[in-house]
Amino acid sequence: MSPIKSPFLKEPQTVAIIGCPFSAGQQRLGVDKGPIHLVEAGLTDQLAELGWRVTFDGHHQFEELSVTDDPPIGKLRNPRFVSRVNESVAKVVGGHAARGELPLTLGGDHSLAMGTISGTLGNYPNACVIWIDAHTDINTPETTDSGNLHGMPVSFLLGLGAKVPEFGWIKPLLKAERLVYIGLRDIDSGEKRILRENNIKAFSMHEVDKYGIGKVVEMALDHVNPKRDLPIHLSFDIDALDPSVAPSTGTPVRGGLTFREGHYICEAVSETGLLVAFDLVEVNPHLEDESSVNKTVTVGCSLVRAALGETLL
């Protein structure tokens, strides 16, 4: 088996695994262990068996970037640490993208998307983003209740809300018409307003129930990539799946995507041949029992394989 030929990736097609054991964008312990568990589950070998050239230089260590004095800015928790780590991640992702490789970022919490998507858009300015999540993660410094930055990366990428100098390195390269959500079911009132005001396309679980996942993915692609010629950055929060499928995550919400619905999204994106970057985040092995952890990690590896070309037949 060999990967689907991509118009954007160089031969031999290479996936660069970027392990990001990072948790400062939220408050629950353990999400920093997610990438370690995914790699230990054999992900590198699994991708090589799909025909990819796989590079993995070890998990990124952020100790040198940690901030000893990092008081809140307004409500924002750990702002300097989150910013510095994401700036570092943006450079790593951007470096792989510039070499024609596909960066596969394993999180860690979803604040990492500030870095991953910045890295992608720095090389593919017309890329579209497909965001798979129970949550929109589009709160601004003004609308957030918790101050957790894993609930805000999209607003920073779009340039919404008050400007925070510590995040001044983020260029608002993401355009609202190049963003689409699938799987939403837990959205703050302020976030609903932001979606409406910016005319951002979003498919909640209601639309998945109404139309079926095949039609939803088709409509999502029609919106952000109508000619099927733009690069795709797929950012997948494991909590998009129902907790019965992926229980070990920090903010589980009932009524989510089934095992097959999650995989169908990844398979359909893979079939386009346009995937240039993939994030898998919010696997938290610290939560739930060992069986639930293994279940979640196994599903996470399976989603990655589906996005990178594994098929049922």
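Is Leu280 buried or exposed? Select Leu280 to begin: the residue is buried, because its relative accessible area is 0%, where buried stands for under 20% relative accessible area, exposed for over 50% and partly exposed for what lies in between, with a 1.4 Å probe and protein chains only.

Before going further, keep in mind that this is a predicted model, in which local features need pLDDT of at least 70 and side-chain atom pairs count only at pLDDT 80 or more, while totals for chains, interfaces and linings use all residues. Residues are numbered from 1 along each chain as its sequence is written, and side-chain values use heavy atoms, with hydrogens and water left out.

**Around Leu280**

Colour strand E8, residues 275-281, and you will find Leu280 within that strand; helices (H or I, at least four residues) and strands (E, at least two) are DSSP runs, numbered from the N terminus. Next, show the contacts of Leu280, meaning heavy atoms within 4.5 Å: leaving aside residues up to four places away in sequence, Leu280 touches Leu38, Thr105, Leu106, Gly107, Phe236, Ile238, Gly300, Leu303 and Val304. As a distance check, pick the C-alpha atoms of Leu280 and Pro141, which are separated by 25 Å and lie 139 residues apart along the chain.

**The cysteines**

The structure holds zero disulfides, a disulfide being a pair of cysteine sulfur atoms within 2.5 Å. Select Cys20, for which the nearest cysteine sulfur belongs to Cys301 and is 16 Å away; Cys20 counts as buried because its relative accessibility is 0%. Moving on to Cys301, the nearest cysteine sulfur is that of Cys266, 12 Å away, and Cys301 counts as buried at 3% relative accessibility.

**The aromatic rings**

A search of the whole structure finds five aromatic pairs; rings of Phe, Tyr and Trp (its six-membered ring) pair if their centres lie within 6.5 Å, and planes under 30 degrees apart count as stacked, over 60 as edge-to-face and the rest as tilted. Select Phe22 and Phe62, whose ring centres are 5.7 Å apart with planes at 80°, so the pair is edge-to-face. This pair links distant parts of the chain, 40 residues apart, with Phe22 in the loop between strand E1 (14-20) and helix H1 (34-40) and Phe62 in the loop between strand E2 (53-56) and helix H3 (79-98). Both Phe22 and Phe62 are buried.

Then select Trp131 and Tyr181, an edge-to-face pair with 6.4 Å centre to centre and 65° between the planes. Trp131 sits in strand E4 (residues 128-132) and Tyr181 in strand E5 (residues 179-184), 50 residues apart, and both are buried.
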